[in-house]
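Please open the structure in your viewer and keep the sequence beside it. The stops below say what to select and what is found there.

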Amino acid sequence: QVQLLESGGGLVQAGESLTLTCAASGHTGTFSLYAMAWFRQAPGKEREFVAIINWRGSSMFYADSVKGRFTISRDNWKNTVYLQMAALKPEDTAIYYCAADRNMQRAVTGPLGFFDFGSWGQGTQVTVSS
């Protein structure tokens with residue numbers, strides 16, 4: 001099983017940008033064969049889908065709330081996934097988690113649910129002040 005570690009969170013002002021990184025370790029030999037996603041959880045709210053990228057890195061989907069502002073990407077050589085966040089808003093404040101799909105080489109045609117992912121990181125806090 002792969003271990004995931006997020007980094008790059010912090011405190012920023014509204015309108016600024018931030019890039020999150022998710023590094024995989026452990027059994028990474030098949031990292032490139034799994035879709036990867038970002039979720040977030042704000043205080044008092046359920047964990048919600050943010051973005052997903054397929055195993056090839058050729059297909060991406062976003063939550064409507066971040067579409068046009070966030071970009072997910074991956075570097076399979078580095079076993080890393082990124083989330084570039086621009087034009088941040090106070091409502092983007094949350095703990096951001098990366099997750100690895102349970103199924104290998106899944107054809108991603110849209111967002112997946114929480115239970116579709118088998119490995120999760122510990123999360124990184126993003127706080128956007130107004």
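## First stop: a buried loop residue

Asn79 counts as buried, with a relative accessible area of 16%; buried means under 20% relative accessible area, exposed over 50%, and partly exposed in between, using a 1.4 Å probe on protein chains only. Asn79 is found in the loop between E7 and E8. Such labels denote DSSP runs numbered from the N terminus: helices are H or I runs of at least four residues, and strands are E runs of at least two. Leaving aside neighbours within four places in sequence, Asn79 is in contact with Cys22, Ala23, Ala24, Thr28 and Phe31, where contact means heavy atoms within 4.5 Å.

This is a predicted model, in which local features need pLDDT of at least 70 and side-chain atom pairs count only at pLDDT 80 or more, while totals for chains, interfaces and linings use all residues. Residues are numbered from 1 along each chain as its sequence is written, and side-chain values use heavy atoms, with hydrogens and water left out.

## Second stop: the open sheet

Select E1, E3, E8 and E7, which in that order make up an open sheet of 4 strands with antiparallel pairing. Two strands pair if DSSP finds at least two bridges between them. Strand E1 (2-7) and strand E7 (70-75) are the edge strands, each pairing on one side only. From one strand to the next, the twist averages 20°; the axes behind such angles are lines fitted to C-alpha atoms, for helices over the stretch in contact, and angles run from 0 to 180 degrees between N-to-C directions.

E1 and E3 pair in the antiparallel sense over 6 bridges, and the bridge partner of Gln3 in E3 is Ser25.

Move on to strand E3 (residues 18-26), which pairs with strand E8 (residues 80-85) in the antiparallel sense over 6 bridges. Here Leu20 stands opposite Leu83 in E8.

Apart from neighbours within four places in sequence, the contacts of Leu83 include Leu18, Trp38, Val50, Phe70, Ile72 and Tyr96.

On E5 itself, 5 of its 6 residues are buried. Ile52 counts as buried because its relative accessibility is 0%. Among the contacts of Ile52, leaving aside neighbours within four places in sequence, are Ala35, Met60, Ile72, Val108 and Phe117.

Next select E6, which pairs with E5 in the antiparallel sense over 3 bridges. In E6, Met60 is the bridge partner of Ile53. This hairpin has 6 residues between E5 and E6, and Gly57 in the turn has a positive phi of about 80°.

Arg69 lies in the loop between strand E6 (60-62) and E7. Is Arg69 buried or exposed? Arg69 counts as buried because its relative accessibility is 12%. Beyond neighbours within four places in sequence, Arg69 is in contact with Gln84, Met85, Ala86, Ala87, Leu88, Lys89 and Asp92.

## Last stop: across to Asp101

Ile52 and Asp101 are 49 residues apart in sequence and 9.7 Å apart in space, C-alpha to C-alpha.
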